[in-house]
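I set out to record what could be looked up in this structure, entry by entry.

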Amino acid sequence: MNDKRHDRRDVELDRLFELARRTPPDISGVERNFETRVMARIRESREPWHAWAWRLAPVFLALTVLLAGWSIFYSPVHPADPVAALASETQEVALLDYLTGE
Amino acid sequence: MAVPDEDADLVRSAIGGDDEAFTELVRRHKGAVLRSAARFARNPAELEDLGQETFLRVYRDLRSFRGDAPFGHWLARITVHVCYDALRKRRREEKDISMEVLTAPVADPSTGNGPSAQLARMILDQAMSRLKPEDRLVITLFELEDRSVREVAELTGWSETMVKVRAFRARQTLKRLIGVDDER
């Protein structure tokens, strides 16, 4: 009984395969002008590095503008105490003297 | 139908930088590649991707084509590998694949009544999407493309014994998944 059922299931599976083989998938939509799209991708993939650099130009430009703006508008906070500021400067001069051996 | 010698000439020209020669190769072989890839693609967009990826790989590896076998054979191997890679990638993405049995209105061979060809494909697609990538690859090449064990072994790079084992295992799983009505 089991063997019989096993056989029937094989036959039915084979029938499914046969039916599926009879209807090849429809590729007409993708096939149309396919070679043109492939060649476009190939040309894109072998573009030289400077072509990409040009594409990144707007990003670099925006970055430059941001940095320029930041350097113009950013003003570091100076110490309110003039003596502390002077001491800091004196320390820097001493350090410079030490490093240059003077 | 592509003439092998002409294909070899076109390959040589394409290696030399002749884009028109490579376009001609794609034009000649796109049908075979797309028909084969269509057995693995879930929709036209995926078929387009598989087809393009195949020809991109062909273009990159053109210099490794030695010409001792027809270009079509070499191309078929690349197509199979691209499709297999796509199946494995898809499998990683779809971690929770249900193994529940499909209720398929399978034909009764004694009466000849059964699903239409389109429905048969749909049932098989659903069931085969649950197979392991290697099992699906083998059963597709073996049963749907009607290739011999030797051909499948050549295309996949697996031994003939391995192909037979995988085909058998895939059939067993499919029979279980398609859930043929045992009480009939």
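**Entry 1. Asp146(B)**

I began with Asp146(B), which is exposed because 11 other C-beta atoms lie within 10 Å. By the definition I used, a residue is buried if 20 or more other C-beta atoms lie within 10 Å of its own, exposed if 12 or fewer, and partly exposed in between, with C-beta atoms placed from the backbone. I noted that Asp146(B) has a positive phi of about 60 degrees although it is not a glycine. I located Asp146(B) in the loop between α6 (133–144) and α7 of chain B. Helices (H or I, at least four residues) and strands (E, at least two) are DSSP runs, numbered from the N terminus.

**Entry 2. Basis of the model**

I am working from a predicted model, in which local features need pLDDT of at least 70, side-chain atom pairs count only at pLDDT 80 or more, and totals for chains, interfaces and linings use all residues. Residues are numbered from 1 along each chain as its sequence is written, and chains are lettered from A and ligands numbered from 1 in the order in which they are written.

**Entry 3. Arg21(A)**

Which residues does Arg21(A) contact, leaving aside its neighbours within four places in sequence? I found Leu144(B) and Asp146(B). Two residues are in contact if their C-beta atoms, placed from the backbone, lie within 7 Å. Arg21(A) belongs to helix α1 of chain A and counts as partly exposed, because it has 15 C-beta neighbours inside 10 Å.

**Entry 4. The contact between the chains**

I recorded 27 residues of chain A in contact with 38 residues of chain B. On the chain A side, α1 (2–22), α2 (28–31) and α3 (34–45) each supply at least two residues. Of the elements of chain A, α1(A) gives the most to that side, with 12 residues. By class, the side of chain A that touches chain B has 14 nonpolar, 3 polar and 10 charged residues. Here Ala, Val, Leu, Ile, Met, Phe, Trp, Tyr, Cys and Pro count as nonpolar, Asp, Glu, Lys and Arg as charged, and the others, Gly among them, as polar.

**Entry 5. Asn33(A)**

In the loop between α2 and α3 of chain A I found Asn33(A). Asn33(A) has a positive phi of about 55 degrees although it is not a glycine. Is Asn33(A) buried or exposed? Asn33(A) counts as exposed, with 8 C-beta neighbours inside 10 Å.

**Entry 6. The two chains overall**

For chain A I noted 6 helices and 0 strands. Of the 102 residues of chain A, 10% count as buried. For chain B I noted 8 helices and 0 strands. Of its 184 residues, 33% count as buried. Among the contacts in chain B with a separation of 6 or more, 62% come from residues 24 or more positions apart.

**Entry 7. α7(B) against α8(B)**

I then turned to helix α7 (residues 149–156) and helix α8 (residues 160–178) of chain B, which pack at an angle of about 105 degrees with their axes 9 Å apart. That makes α7(B) roughly perpendicular to α8(B). Axes are lines fitted to C-alpha atoms, for helices over the stretch in contact, and angles run from 0 to 180 degrees between N-to-C directions. Angles under 35 degrees count as roughly parallel, over 145 as roughly antiparallel, 65 to 115 as roughly perpendicular and the rest as oblique. From α7(B), Val149(B), Arg150(B), Val152(B), Ala153(B) and Thr156(B) meet Glu160(B), Val163(B) and Lys164(B) in α8(B). The residues of this contact divide into 4 nonpolar, 1 polar and 3 charged.

**Entry 8. Buried residues of α8(B)**

I listed Val163(B), Arg166(B), Ala170(B), Arg171(B), Leu174(B), Leu177(B) and Ile178(B) as buried in α8(B). Seen down the axis of α8(B), these buried residues fall within an arc of 140 degrees, so they line one face of the helix. The arc is that of the directions from the helix axis to the C-beta atoms. Just after α8(B), I noted that Gly179(B) takes a positive phi of about 60 degrees.
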